[in-house]
Amino acid sequence: MTVQDDRRENELISLFQLQKPANATRSGTDAVLYFNERYIPFELKSTTSSSVTTVRDFGSTHIQKWQGKHWLFCFYNKNGTKLNYCLYGSPQAMEKWINEKEAYILPDYKLAQLAPELLTIDVLYEILGEKQVYTLEDARRLQKKQYTIQQYRNQMDLFQGYSPERMLSILKDRCQYLIERGSTLNNPHIPASYFRDWKRITENHAQRLRELVAEALHDKA
């Protein structure tokens with residue numbers, strides 16, 4: 001059971017004396033630590049079990065987002081009412097897990113890059129029929145709600161419509177989207193065994209975190 005929410009996140013930020021980043025979003029950095037005249041980005045995770053859940057649709061964007069991030073894992077009792085201990089994960093400590101997940105999805109993402117280029121105009125004709133000018137409705141049959149109305153209009157290369165070549169390009173975009181979406185992992189867990197030898201933070205949380213960050217930065221140098 002994941003107990004991370006705005007209230008819990010704010011609690012951890014206060015406990016470790018972190019800061020909310022400017023223009024923070026759900027998909028961005030959870031918190032930052034100002035340390036040695038630099039801002040260090042953190043990912044915050046809390047759980048009531050021995051393992052940690054991550055995200056529902058794990059893909060290449062998360063790999064890019066998490067590379068170089070520092071992590072805080074906070075473990076609560078079963079009811080989520082008491083913080084038992086926390087673990088700090090440096091980028092070096094998390095690298096193995098991230099690389100394993102990247103290797104797992106990499107073939108699918110390569111397929112998503114290569115497969116669309118194999119589509120031909122005959123495939124388009126098979127799907128939408130052969131036309132000299134395709135309409136906005138035709139384009140919407142392919143891309144559904146993946147384009148905004150403005151994006152649909154920006155794609156038009158004919159008066160109020162699309163040439164077969166432009167519609168083939170839209171079809172390729174749709175093919176890539178479907179493969180990439182299908183290749184994401186559903187909430188991959190970080191198992192308890194991954195943290196087995198990590199140092200627990202149980203007191204003086206803010207000070208202890210800074211000591212561990214200093215060690216990680218020194219090891220990286």
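Trainee: In what order do the elements of the chain run from the N terminus on?

Mentor: They run α-β-β-α-β-β-α-α-α-α-α-β-α, which gives 8 helices and 5 strands. Helices (H or I, at least four residues) and strands (E, at least two) are DSSP runs, numbered from the N terminus. This is a predicted model, in which local features need pLDDT of at least 70 and side-chain atom pairs count only at pLDDT 80 or more, while totals for chains, interfaces and linings use all residues. Residues are numbered from 1 along each chain as its sequence is written, and side-chain values use heavy atoms, with hydrogens and water left out.

Trainee: Why is K172 called buried?

Mentor: Buried means under 20% relative accessible area, exposed over 50%, and partly exposed in between (1.4 Å probe, protein chains only). K172 has a relative accessible area of 18%, so K172 is buried. This residue lies in helix α7. Leaving aside neighbours within four places in sequence, K172 is in contact (heavy atoms within 4.5 Å) with P116, E117 and L119.

Trainee: And why does E37 count as exposed?

Mentor: E37 has 72% relative accessibility, so this residue counts as exposed. E37 is found in the loop between β1 (31–35) and β2 (38–47). Its phi is near 60°, a positive value in a residue other than glycine.

Trainee: Why is N187 described as partly exposed?

Mentor: With a relative accessible area of 22%, N187 is therefore partly exposed. Its place is in the loop between α7 and β5 (200–201). N187 also has a positive phi, of about 55°, although it is not a glycine.

Trainee: Where is the kink in helix α3?

Mentor: It lies at L106, shortly before the proline P107, in the helix of residues 91–114. The kink is about 45°, where the bend at a residue is the angle between axes fitted to the seven residues ending there and the seven starting there.
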